[in-house]
Amino acid sequence: MTSRDAQGDAPEVAPRKVTELPPGIAPAVILVEPQLAENIGMTARAMANFGLSELRLVNPKNGWPKKGVREAASGATHVLDAAAIYGSVAEAIADCQYVLATTARERGQMKRVFAPEEAMGELVAREGQRTAVMFGRERVGLTNDEVSLADAIVTFPVSPDFPSLNLAQAVLLVGYAWRQASGRARLPFTGELLSPPATREALIALFGSLEAALDGAGFYPPEKKEIIARNMRDMLHRMSLTEQDVRTFRGALRALTRKGG
């Protein structure tokens, strides 16, 4: 095995970024003989999106590091800086106690086959164990021998009309499923109302302002005024107005009545 410390004359990198999770909690992502710098960079970005940080590369084509890989990572360079390079799949998984192999096609091997959600549930249940998910070459994926080294298979419920996934897309789906299974998939914001619900007093005042404005504009047919007014009150109730909503409505009504007057 070689690592980023053995990359010849590679420039000195900044100290390791403090990540959300320390190494060893989330599964390692193993790319087997990746070819394109863009795919490796976008994989790093996809990993960082969901808190994965341990990237292992098996015999990356045309050496490492690759030109353009950092640009493709869009800031997730801490994943690239910590990437470890291995000479074989066996070396890359040597310290792992549970390994999953991703594949888009049936391999004729007697292994359990999981969708990403089920697979990540299996990983999360193995707390304290070193785990990894293997992804194959861009064009041909993993070999049957490489798949045979895994405990189970992960595949994706894609359309049979177009089952091909980009490498980074596959990593993104697995990363998302892991974050969900690990209980870390909390939304960054909730859309919670910043203004409390309107009181009855505020709503009744709004009804009065609205009905007076409509009456002054000649909106109501005389014989249907009470029915229409009640229907409009029901409409406003269904909107679950906040105090700010009521203030906005009443301000708009005042502006309209001033202009009309």
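Start with the whole protein chain shown as a surface: in this predicted model, the accessible surface comes to about 15400 Å², and 54% of that belongs to carbon and sulfur atoms. Of the chain's 261 residues, 39% count as buried.

Now switch to a cartoon view. You will find 10 helices and eight strands in the protein chain. If you display contacts between residues at least 6 apart in sequence, 81% of them join residues at least 24 apart.

**Next stop: helix 5**

Select residues 116-124, which form helix 5. Which residues of this helix are buried? Color Pro116, Ala119, Met120 and Leu123 to see them. Then turn the view to look down the axis of helix 5: those buried residues fall within an arc of 95°, so they line one face of the helix.

**Last stop: helix 5 against helix 7**

Two packed helices are described by the angle between their axes and the distance between the axes. Here the angle is about 55° and the axes lie 8 Å apart, which means that helix 5 is oblique to helix 7. The crossing of the two is right-handed.

To finish, show side chains where the helices meet. From helix 5, pick Pro116, Glu117, Met120, Gly121 and Val124; from helix 7, pick Leu173, Val174, Ala177, Trp178 and Ala181.

How values were computed:
Residues numbered from 1 in each chain as written. Predicted model: local features only at pLDDT ≥ 70, side-chain atom pairs only at ≥ 80, totals over all residues. Heavy atoms only, no water. Buried < 20%, exposed > 50% of the residue type's maximum accessible area, 1.4 Å probe, protein only. Helix = DSSP H or I, 4+ residues; strand = E, 2+ residues; numbered from the N terminus. Arc of directions from axis to C-beta. Contact = heavy atoms within 4.5 Å. Areas by Shrake-Rupley, 256 points an atom, 1.4 Å probe, with all protein chains shown as cover. Axes fitted to C-alpha atoms, helices over the stretch in contact; angles between N-to-C directions. Parallel < 35°, antiparallel > 145°, perpendicular 65-115°, else oblique. Left-handed = near helix turned anticlockwise from the far one by under 90°.
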